[in-house]
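Me: I am new to this structure and would like to learn how to read its features. Could we take them one at a time?

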Amino acid sequence: MENIPFEDVNELIKRRFEELEELKSKGINPYAYQFDVDSNSALIKSNYSEYENKTVKIAGRIMAIRRMGKASFAHIQDSYGKIQIYLKKDELGDYYDVFKLLDIGDIIGVEGFVFKTKTGEISVHTQRFEILAKSLRPIPIPKEVIDENGNKIIYDQFADKELRYRQRYVDLIVNPDVKDVFIKRSKIISTIREFLDSKNYLEVETPILQPLYGGAAARPFITHHNALDINLYLRIADELYLKRLIVGGFDGVYEISKDFRNEGMDRSHNPEFTMLELYVAYKDYNWMMNFVEELFEYLCLKVFNTLEFEYEGKRINFAKPWNRISMIDKIQEKTGLNVINASIDELKDLAKKLHLDLSKLTSKAKFIDEIFSATVESELIQPTFVIDYPIELSPLAKKHRLKEGVVERFEAYVVGKEICNAFSELNDPIDQRERFEEQLKMKEAGDEEAHQIDEDFLRALEYGMPPTAGLGIGIDRLTMILTNQSSIRDVIFFPQMKPESK
């Protein structure tokens, strides 16, 4: 056992290293190259009549062991669940002693026939087994207790949230419900893709590294390209590149991708996140609201077989039609102030009454956004389209065709959380330049999230972009709501964390 650092290793780990060495001394490779699996735990259990007495090859991680002298039982866990295996010394001979060197957490391959024990548990009678990977660290095993009312209570030894996020691999081993959330997340993405493909919209890829960032109000991450000796930005949105493709003649394009925003972290925000962005030519935001309702109905029924969900004790229903409210009217209803006509001083006075942090409010757009968040958002429990945003808040959306001071934009909210954002996209290059110039003034006044002037995007618009409806959906936040998870970290395999302390 030379060169194995035991200074900070506890006795359980030390014993596993000793078992590892003993296995090697017996000529056994504790880290195999392959094992030809031909079945799994779920398949065997759900089709027992077909599998009874049939020889199978399964593999998985040992999650429980009961040794009884000349016989042993163990439960192994594969990707589909758990199944019991049975081993007898009389049948396995000297190799049965090898099983004594195995621990909970070790991964093994088993070949044997399927049967039921006297207690009726479907099991595999082991005729041969192989060690596939020796676990050198003990895994925390949850303990199950049945209370006096027959309810199962699970005492999870791996309950620390931060530790679970850092060591997601352990979390997935010991908490099957966690794995189910991520399976659902994958199905949500594939179902959205299936729906969009059925409409003949083209999935495309746009640059992650961009010479200019744009398409959202956010601060970027900056990196450096050595060969070109220039700074580049990780994209904060896909919007401006996707709209270039609409200019180029595509009628509908979408991208499901990672975006990056150099912002704070909380229950709803991670600096690296997944977005769907979709742009459809010759449509507007009214059409897009109907499209979103159709998409969500398809998604919910296909993946969850229901339109009704519970999120943190609140019942929500995605059945169409969704509620539609005006942002301006709703703020006025709550505060008595028409924010379109209000001066900065009036907005500042209202913000003070609402105890908002004025240091972060550097523009009229910021005031309106924060006032809406403070007075309205928490009440939007059922799926709701908030429509007609102030022009200051939406530099990439078309001015409303009938109302002064607002644009044709909506955000969809559920349980107080924004889940999507959409515009009748601005396709007037002159108006767009003026909006960018206004954003530049906001940036000079201290708004770090204001847009830059993208001359190439303006040049693209000058070639002519047809009327277009655009949509963005946050996949992480959507998954949170549909799987009833309280934090965005619960739906991202490896969320951003502070460096681990030594």
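Me: Does Cys300 count as buried or exposed, and why?

Reply: The model is a predicted one. Burial is read from relative accessible area, and a residue under 20% is called buried. Cys300 has 0% relative accessibility, so Cys300 counts as buried.

Me: How many disulfides does the structure hold?

Reply: In general, a disulfide is a covalent bond between the sulfur atoms of two cysteines. Here the number of disulfides is 0. Cys300 takes part in none, and the nearest cysteine sulfur to that of Cys300 belongs to Cys420, 12 Å away. To count, the two sulfur atoms would have to be within 2.5 Å. Cys420 is likewise in no disulfide, its nearest cysteine sulfur being that of Cys300. Cys420 counts as buried because its relative accessibility is 1%.

Me: Which residues does a cis peptide bond join?

Reply: Most residues other than glycine have a negative phi, and most peptide bonds are trans. In this model a cis peptide bond links Lys320 to Pro321, with omega about 0°. To find Pro321 in the fold, look at the loop that runs between strand S15 (314–317) and strand S16 (323–326).

Me: What is the phi of Asn53, and where is Asn53 found?

Reply: Asn53 has a phi near 70°, which is positive although the residue is not glycine. The loop between helix H3 (48–51) and strand S1 (55–68) contains Asn53. Asn53 is exposed, because its relative accessible area is 54%.

Me: What about Val415: what is its phi, and is the residue buried or exposed?

Reply: Val415 is another residue other than glycine with a positive phi, here near 40°. Val415 sits in the loop between strand S18 (409–414) and strand S19 (417–424). With 12% relative accessibility, Val415 counts as buried.

Me: How many helices and strands does the protein have, and what does its C-alpha trace span?

Reply: The secondary structure consists of 16 helices and 20 strands. Along the principal axes, the C-alpha trace spans about 85 × 50 × 50 Å. The protein has 502 residues, of which 49% count as buried.

Me: What share of the contacts with a separation of 6 or more is between residues 24 or more positions apart?

Reply: That share is 64% in this protein.

Methods
Residues are numbered from 1 along each chain as its sequence is written. This is a predicted model: local features need pLDDT of at least 70, side-chain atom pairs count only at pLDDT 80 or more; totals for chains, interfaces and linings use all residues. Side-chain values use heavy atoms; hydrogens and water are left out. Buried means under 20% relative accessible area, exposed over 50%, partly exposed in between (1.4 Å probe, protein chains only). Helices (H or I, at least four residues) and strands (E, at least two) are DSSP runs, numbered from the N terminus. Contact means heavy atoms within 4.5 Å.
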